[in-house]
Amino acid sequence: EEGLEKNAFAVAVAKTDGEAGAPAAQAVNLPKLLAEAKADRGGRIAEKCLSCHTFVKGGPNGTGPNLWGVVGGPVAHLGDAFGYSSALKKFGGAWTYERLFGFLENPGTYLSGTKMTFAGLSKPTDRADVIAYLRTQGDSAPPLPEVKVEAAPASGAAPEPVGGDSAATAASVAPAGNPPAQSPGAPPAQPPATPAH
């Protein structure tokens, strides 16, 4: 049973230089999203998938394949036990977190020719939650990608001068006409001596 040649509702998505057909990646930190994802919430979101898929171990196929063990498993992970589209078979490789994240956004755009006509999950947090749920529906999901610590943004404050007297340095860069600030308790600044004529 072949799916529609194209989605009934066309979605314009810019392409990237990544995998062919992949929609433009949003500026998201996937490792961080996955680390914060909620599997229980993902399970509730995935209930809309039950009309085509089952998730339990040894569950039957429906219009779509049983998805037990799909995370980290090979694409077309049930082999000949399910009639996958030729596009999915040619896709090859494994269902990595990055691939699942892209596929769940819009299957038909991500992988042209797939039978899966699901419109997709536009919210990155929803996709991360569903992936977190799918991780629990398997025996050996791969570890989550490491969250890299992002560099703290610059505060905008000027760096403290290295060496020398900071007050003298501040005075040397004070705008003309403005006397340098004085420290509390310091004697009043004396006007400069008038040169003798």
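**Exercise 1.** List the buried residues of α6, then state which helices they pack against.

*Solution.* Step 1: the buried residues of α6 are P124, D126, R127, A128, D129, V130, I131, A132, Y133 and L134; buried means under 20% relative accessible area, exposed over 50%, and partly exposed in between, with a 1.4 Å probe and protein chains only. Helices (H or I, at least four residues) and strands (E, at least two) are DSSP runs, numbered from the N terminus. The model is predicted: local features need pLDDT of at least 70 and side-chain atom pairs pLDDT 80 or more, while totals for chains, interfaces and linings use all residues. Residues are numbered from 1 along each chain as its sequence is written, and side-chain values use heavy atoms, without hydrogens and water.

Step 1: because ten of its 13 residues are buried, α6 is largely enclosed by the rest of the structure.

Step 2: these buried residues pack against α1 (30-36), α2 (39-45) and α4, where contact means heavy atoms within 4.5 Å.

**Exercise 2.** Characterise the largest pocket by its volume and its lining.

*Solution.* Step 1: a pocket is an open set of points on a 1 Å grid over the protein atoms alone, where a 1.4 Å probe fits, with protein on both sides within 12 Å along at least five of seven lines; lining residues have an atom within 4 Å of a point.

Step 1: the volume is about 720 Å³, taken as the space filled by probe spheres set on the points, which are joined across faces, edges and corners.

Step 2: the lining comprises 34 residues, with H53, G64, P65, K115 and M116 nearest the centre.

Step 3: α4 (97-105) and α6 (124-136) each supply at least two lining residues; the largest share, three residues, comes from α4.

Step 4: the lining divides into 20 nonpolar, ten polar and four charged residues (Ala, Val, Leu, Ile, Met, Phe, Trp, Tyr, Cys and Pro count as nonpolar; Asp, Glu, Lys and Arg as charged; the others, Gly among them, as polar).

**Exercise 3.** Determine where confidence is highest and where it is lowest.

*Solution.* Step 1: pLDDT, the predictor's confidence in each residue from 0 to 100, averages 77 over the protein chain, and 62% of the residues score at least 70.

Step 1: the mean is highest in α6, at 97, and lowest in helix α7 (residues 166-172), at 43.

Step 2: over residues 161-177 the pLDDT is below 50, and this stretch has four contacts in the model beyond near neighbours in sequence.
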